[in-house]
Amino acid sequence: MTNVGIDAIDLWVGNLRLDLPGTFAPEKGEDPNKYKKGLGLYASSFPDSYEDIVTMGANASYRLMERNELTPEDIGRIDVATESAFDKSKPVSTYIAGCLEKVYEEDFRHANKGERKFACISGTQSLNDAYNWIASGRNRGKGALVIATDTALYERGDAGEATQGAGAVAMYITEDPSIVSFSKEQGIGSADETDFLKPNQQFPSVDGHRSMQVYLARMREALEDYKSVTGDIHPDDITYGPFHTPFPGMVKKAAVLAYRNVIRGTEVADEIEDEVGRQPEPEDYDDEEEYLEELREFTDTLRNTDRYLDWYAKRIEPTLQISEQVGNWYTGSVHVARISALLHAFEHDRSIVDEQMIVASYGSGAQAEIHAETFQSGWKQKIAKLDVEEQLASRYDLTFAEYEQVHDNHNLDIETDVEPLTTPEDQFAFDGWGAMGERKYRFVD
Ligand code: HMG
């Protein structure tokens, strides 16, 4: 069977930073602990005025190609996943390829380019497309470049404003990859939902609290579907569990439900029975409300056991370290969580080859997908090349007034002309509009 997965990975963090508990919360008259303890967010990343989904995607891809000595000749396919696209016809991947062709001698004339849409899950769907393309043997020995890029902005004053972010993840998918291989097995949970959508509008219409319930429901369905193919999963066989992370507090809610699900019938359930009791099962109750109340109580007890807290600290918390500093990157978010896990393993010098991650993706509208990834022998050398800490630290810190200007600057309905707050260097930058309304870009040395 073909072994397909991620051979190289990189990211680009928007050049600006908004301190959420320190700068945003006081202006909103909110307690900073809503961010630090409730949402689990410390900062959002924002794009400067010369940045957008194309520059961020091109910058992540350029870094990936340079650090891994790739040229356009190595890439037979470019897929961009985004929910911030500005054109209904011409895909963002053509713009990104155009940027990259400014710095490479070769071109992408024979690369198949496209764009994927299904809210935040489309990044993972693009990985699946790459997997299928390679596994079918249509790739002629080449790899696929998958880019997840978004400016995840909400309307000013919307509750979602607290969870904004901007950035891009680039991934190079090949046969016999260095970092992780994808499982053939996957689970899907999918339903027609209207909790978060952008009907021909830039900023989402969102029913925030309901969207969280929809996330949890689809994740449960995807997990059940996944287990129907693989059989039971043991919680200790999951080295890391990267989830789609709109904000870390969401993952905290999802992780305990996943844990509750996978310990059912295992020795873990027996070992903690004295502490938490037996997990309520629906068939033991005539009254559904009573069952749900007992289940809530069981879950609350479970989430405070040492056994669970230790599992969460080792396997889930490490996936949230970048996210809490950048906010939601929509399509890139679960891939940021994967990078965070890999960096954790690298920093702690862990031996993880042949161990597994369970990757839990989600997109509003709504669909969840679960698959496994197995760490490959070259992961350490590849992760050593990343400079995530440096990128996070070198962002410009916004005042609240600057934040308002930046938000307006990226609002397509408002005409503004603001000076950039940072100076681009060794990166792609927006360079104005062309005669047909197209965006133009340049590489700044
Ligand atoms: P909100 O009403 O501003 O916040 O909305 P809240 O009052 O619910 O507070 C948030 C948490 O902080 C709560 O924790 C509070 O208790 C806690 P919880 O009770 O839920 O566990 N809190 C505090 N904790 C300690 N000390 C304090 C304090 N104050 C409050 N002083 C909401 C929050 C997430 C709903 C909002 O920001 C929103 O609408 N966000 C956008 C939607 C979203 O992110 N949904 C997530 C699931 S859907 C998804 O992931 C898909 C998505 O990525 C899009 C796509 O797929 O394309 C969004």
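I call a residue buried under 20% relative accessible area, exposed over 50% and partly exposed in between, using a 1.4 Å probe and protein chains only. This is a predicted model, where local features need pLDDT of at least 70, side-chain atom pairs count only at pLDDT 80 or more, and totals for chains, interfaces and linings use all residues. Residues are numbered from 1 along each chain as its sequence is written, and side-chain values use heavy atoms, with hydrogens and water left out.

Entry one: positive phi. I noted that most residues other than glycine have a negative phi, and most peptide bonds are trans. Glu 69 has a positive phi near 50°. I found Glu 69 in the loop between α3 (53-67) and β4 (75-81); helices (H or I, at least four residues) and strands (E, at least two) are DSSP runs, numbered from the N terminus. Glu 69 is exposed, at 71% relative accessible area. Asp 349 also has a positive phi near 50°, and sits in the loop between α13 (333-347) and β12. Its relative accessibility is 54%, so Asp 349 counts as exposed.

Entry two: a cis bond. I saw that Gly 365 and Ala 366 are joined by a cis peptide bond with omega about 5°. Ala 366 is in the loop between β12 (356-363) and β13 (367-375).

Why is α4 largely enclosed by the rest of the structure? Because seven of the 10 residues of α4 (residues 92-101) are buried. Among them I listed Tyr 95, Ile 96 and Leu 100. The buried residues of α4 pack against elements including α3, β4 and β15 (427-433), where contact means heavy atoms within 4.5 Å.
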